Amino acid sequence: MPFSNATRKKASHDQQDTERSQRKRRVSGENRQGLAGLKRHKQEDSDFCHSDPAHHSSSQMDESVNSRKPNFSALVGSNGLTNRASSLANSKPGTAKKLVIKNFKGKPKLHDNYKEETWMKLRGAVDAIHKSTSIKYSLEELYQAVENMCSHKMAVMLYDSLKVVCEEHIKHQITQFKGNSGDELDSVLFLRKINKCWQDHCRQMIMIRSIFLFLDRTYVLQNSMVSSLWDMGLDLFRQHIISDTSVQTKTVDGLLLLIERERNGEMVDRSLLKSLLGMLSDLQIYKEAFEVRFLQETERLYAAEGQRLMQEREIAEYLHHVDKRLEEEQDRLMFYMDQSTQKPLVSCVEKQLLGEHLVNILQKGLHQLLDENRTDDLKLMYNLFAKVKAGLETLCQHWGDYIKKMSRYGIQGSALNWFQSYLPGRKHCTSINGSFGSTIVINPEKDKTMVQELLDFKDKVDNILQSCFSSNEKFINTMKESFETFINKRLNKPAELIAKYVDSKLRAGNKEATEEELERMLDKIMVLFRFIHGKDVFEAFYKKDLAKRLLVGKSASVDAEKSMLSKLKQECGGAFTSKLEGMFKDMELSRDIMVHFKQYAQHKAKGVDEHIQHQKDSISIDLTVNILTMGYWPTYIPMEVHLPPEMVRYQEIFKSFYLAKHSGRKLQWQPTLGHCVLRADFRAGKKELQVSLFQSLVLIMFNDGDGFTTEYIKQYTGIEDGELRRTLQSLACGKARVIIKTPKGKEVEDGDQFHFNNDFKHKLYRIKINQIQMKETQEENVNTTERVFQDRQYQIDAAIVRIMKTRKTLTHTLLVSELYNQLKFPVKPADLKKRIESLIDRDYMERDKENSNQYHYVA
Amino acid sequence: MADTGGDNGPGKKAADKMFSLKKWNAVAMWSWDVECDTCAICRVQVMDACLRCQAENKQEDCVVVWGECNHSFHNCCMSLWVKQNNRCPLCQQEWVVQRIGK
């Protein structure tokens with residue numbers, strides 16, 4: 001029984017002990033060992049105590065007496081020990097022994113000077129602890145003495161006396177710091193001294209408390225006004241040692257000095273720092289005495305460091321430094337700072353090293369990092385900026401600026417090249433590939449690199465977004481906006497160049513890409529396309545090139561063409577691609593028509609015997625005609641040329657066949673788009689030449705003569721001057737020179753003579769000379785652009801009619817804003833006004849009679 | 001294969017010809033056979049759809065109509081016109097449909 005009681009008691013002691021020990025977590029391990037040692041004593045103590053119930057305090061007496069003597073069971077109910085009582089009752093069933101409760105015969109008496117003697121004993125022990133000498137009595141004895149005194153209502157006196165003794169001692173301690181204050185004790189030594197004093201104090205207080213544990217558990221707990229022994233110790237220490245201004249200042253100064261040294265890279269005694277900062281926390285003066293000054297100091301240090309390093313270092317280096325600093329501070333926090341300092345400290349460092357320099361950092365380093373594609377540094381920058389208020393916003397803004405600036409530079413450069421490429425003479429110069437168009441390059445191929453550069457740039461930017469900016473949506477949107485802004489800074493030209501870029505990729509002979517690569521490239525192009533406002537410009541140029549690809553048979557892959565078409569349809573809707581689709585439809589229809597035509601020609605040959613000549617003609621060559629629907633296709637300048645009679649006859653045969661099938665139509669031949677295969681008979685052997693119609697017209701002339709002048713050929717064939725010169729140049733000055741020009745030279749001049757080159761040699765049997773047809777002339781370019789502007793007028797008209805038809809009545813402002821929503825190309829308000837006027841003239845709508853700013857739809 | 005025919009070379013034999021046509025890819029553009037290629041009613045080219053059809057995205061259905069007077073318009077423009085006035089807007093003759101394009 002006494003044993004079980006003791007264990008229970010120990011358990012409750014332990015519980016309380018853990019509570020206490022949580023409060024003094026910073027007390028060193030050494031102290032804890034002491035505490036554990038004492039616990040063992042306590043257990044023994046309590047065993048010992050129970051054997052003498054007379055000295056128990058009342059409540060514990062009840063308990064122990066009750067459990068030992070069954071005749072006290074009447075008290076059970078009020079004691080709340082029901083379980084035990086019932087078990088006791090059950091143990092002796094049927095015994096009818098009468099219980100008589102009697103008072104003690106008399107109070108146990110103490111001898112008179114028990115109080116003084118015991119106190120002297122305890123005081124001796126306390127003094128011994130303070131002086132670190134051995135204690136005369138065993139700890140059990142002392143513990144019991146305290147317990148006894150408390151039991152005899154001497155707790156108040158005991159507590160007060162103990163306090164006085166401790167106070168005396170602590171007051172005395174101050175002298176060691178005071179005394180030396182004059183001769184400027186080294187701050188580290190001073191800190192060590194303070195630390196020692198503090199450690200001693202803790203150790204002593206723990207010892208004392210262990211002895212006076214009973215006092216702490218009873219008297220202190222019962223009186224909320226009295227602080228526990230440990231807290232009393234802290235109070236005294238605070239009051240007498242640390243509240244001394246010079247001591248406190250010196251301590252804090254010393255601490256700050258140590259921390260500064262550590263920040264400067266020196267090795268310092270971190271455990272000393274940890275212990276002393278723990279002391280400040282325990283004394284509850286951490287915040288006011290230390291933290292405030294510490295943060296000030298930190299701010300001062302890092303403000304200066306930020307200023308200095310921003311000047312001295314490269315941005316990447318600086319960012320790494322900041323990162324390192326933050327890590328160090330984090331480490332410091334982990335190791336010896338109070339956790340409450342974390343937030344203000346980190347934010348202080350971030351503010352001083354980053355927040356103050358946001359714009360500077362970005363202005364000084366962002367462009368360079370982006371230029372050099374330093375993803376790791378950029379990632380670090382992003383992560384650091386994410387910590388600071390408004391950091392990401394600022395970064396994002398500069399990111400947008402970078403894209404705008406970078407790409408505008410690129411576009412202007414390329415545009416310059418584009419312009420240069422159309423300078424008269426079309427000189428081929430060696431391309432000097434400088435940074436983003438800063439070098440003038442007179443190279444017609446160069447304008448194509450603008451799109452390639454844009455694509456590369458977009459790739460790079462995407463990569464940075466993904467790997468450095470964690471695909472932050474804001475950054476992606478800013479990127480999109482920026483692309484949109486700069487691409488549309490130059491009206492129309494980027495759209496044109498993108499269209500041409502696609503053409504270059506979709507053309508036959510472009511073997512650099514597989515189908516999948518081509519597909520991926522088209523997807524990327526669509527991303528750029530999306531940014532463009534004047535999509536109709538793209539459409540016009542795309543259409544022009546598509547027409548050539550289809551008609552001259554130069555398309556690389558039908559699948560790729562169709563895929564591009566469906567992408568455009570998806571992006572811009574059916575109206576945008578209806579004409580392009582019409583072109584494909586025309587090609588298919590033409591194929592059908594040609595099947596019918598061949599049947600027709602054969603039939604005619606069989607049926608009409610007398611026209612043998614005709615019959616022979618109609619099948620003697622392989623004639624294919626592509627019938628285009630006007631309106632779907634680009635407009636071509638009509639050109640009349642003189643065809644050899646047999647070609648004219650073929651045309652006539654076909655024309656009568658076609659018009660018989662389709663009434664109400666007329667046919668317009670397009671010689672610019674025709675191309676032929678010619679058999680050629682050179683001295684070195686036969687060849688097949690793939691040539692444009694114009695080229696074949698010129699070559700066929702040489703069947704009937706030789707040595708023609710430029711003027712004669714022009715008169716004979718009727719080919720337009722510029723076109724003819726290009727044609728002659730391709731035949732006489734290109735790679736395959738089937739005719740010879742005298743005098744020799746690159747340019748075709750009036751009066752030049754042309755001869756058949758009978759000695760023509762070429763390693764191939766089939767020779768293509770008709771690439772000239774695929775090239776764009778300046779007139780073509782101008783025409784296409786003009787055509788776009790005309791079409792825009794129709795589109796504006798259509799949009800106005802569409803809006804007015806649904807709304808019936810609208811004010812001018814509302815109509816205009818609706819129009820801006822619908823129109824996919826940039827327009828000036830003045831142009832819109834003109835179109836509205838024109839529609840009013842044509843009775844599509846009318847002005848309100850009273851309010852001239854209001855329009856009504858006229859059905 | 002035969003040569004390009006004897007009637008263009010004056011007296012020369014076919015074998016003498018240095019160039020002969022083997023294959024010809026010709027291109028022709030068809031349009032409605034009309035006097036004026038703009039519709040006088042909506043002032044859009046007859047080869048394009050009229051404004052209303054463009055607005056309603058019915059380009060495919062927008063065909064041309066010829067009157068006996070040989071004037072031509074978009075069929076849909078004309079059908080609206082004749083409701084008000086059954087005369088050709090260009091020559092004021094009675095409007096009689098000659099044919100409708102396809």
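**Notebook: chains A and B**

I began after α34(A) and found Asp843(A) following this helix, with a positive phi near 65°. I worked from a predicted model, in which local features need pLDDT of at least 70 and side-chain atom pairs count only at pLDDT 80 or more, while totals for chains, interfaces and linings use all residues. Residues are numbered from 1 along each chain as its sequence is written, and chains are lettered from A and ligands numbered from 1 in the order in which they are written. Helices (H or I, at least four residues) and strands (E, at least two) are DSSP runs, numbered from the N terminus.

**Helices of chain A**

I checked the length of α34(A), residues 829-841. The expected span is 1.5 Å times one less than the number of residues.

I then looked up Lys115(A), which sits in helix α6 (residues 114-131) of chain A. A residue is buried if 20 or more other C-beta atoms lie within 10 Å of its own, exposed if 12 or fewer, and partly exposed in between, with C-beta atoms placed from the backbone. Lys115(A) has 15 other C-beta atoms within 10 Å and is therefore partly exposed. Its C-alpha lies 9.8 Å from that of Ala145(A), 30 residues apart in sequence.

**Nonpolar cores**

I took a nonpolar core as a set of buried Ala, Val, Leu, Ile, Met, Phe, Trp, Tyr and Cys residues joined through C-beta atoms within 7 Å. The largest has 112 residues, and Val502(A) and Phe538(A) are among those with the most contacts inside it. Helix α24 (residues 535-551) of chain A supplies the largest share of this core, 9 residues. Two residues are in contact if their C-beta atoms, placed from the backbone, lie within 7 Å. Not counting residues up to four places away in sequence, Val502(A) touches Ile525(A), Tyr542(A) and Met564(A). A second, separate core of 55 residues includes Leu236(A) and Tyr336(A).

**Chain B**

I counted 2 helices and 4 strands in chain B, in the order β-α-β-β-α-β along the sequence. Of its 102 residues, 38% are buried.

I followed strand β2 (residues 64-67) of chain B and found both faces covered: Val64(B) and Trp66(B) are buried on one side, Val65(B) and Gly67(B) on the other. In a regular strand the side chains alternate between the two faces of the sheet. Two strands pair if DSSP finds at least two bridges between them. β2(B) pairs with strand β3 (residues 72-74) in the antiparallel sense over 3 bridges, with Trp66(B) opposite Ser72(B). Their hairpin has 4 residues between the strands, and Asn70(B) takes a positive phi near 75°. β2(B) also pairs with strand β4 (residues 97-100) of chain B, antiparallel over 3 bridges; here Val65(B) has Ile100(B) as its bridge partner.

**Where the chains meet**

I noted 37 residues from chain B and 54 residues from chain A in the contact. β1(B) gives the most to the chain B side, with 14 residues. That side has 17 nonpolar, 11 polar and 9 charged residues, where Ala, Val, Leu, Ile, Met, Phe, Trp, Tyr, Cys and Pro count as nonpolar, Asp, Glu, Lys and Arg as charged, and the others, Gly among them, as polar. Strand β1 (residues 622-629) of chain A pairs with β1(B) in the parallel sense over 8 bridges, and Thr629(A) stands opposite Trp30(B).
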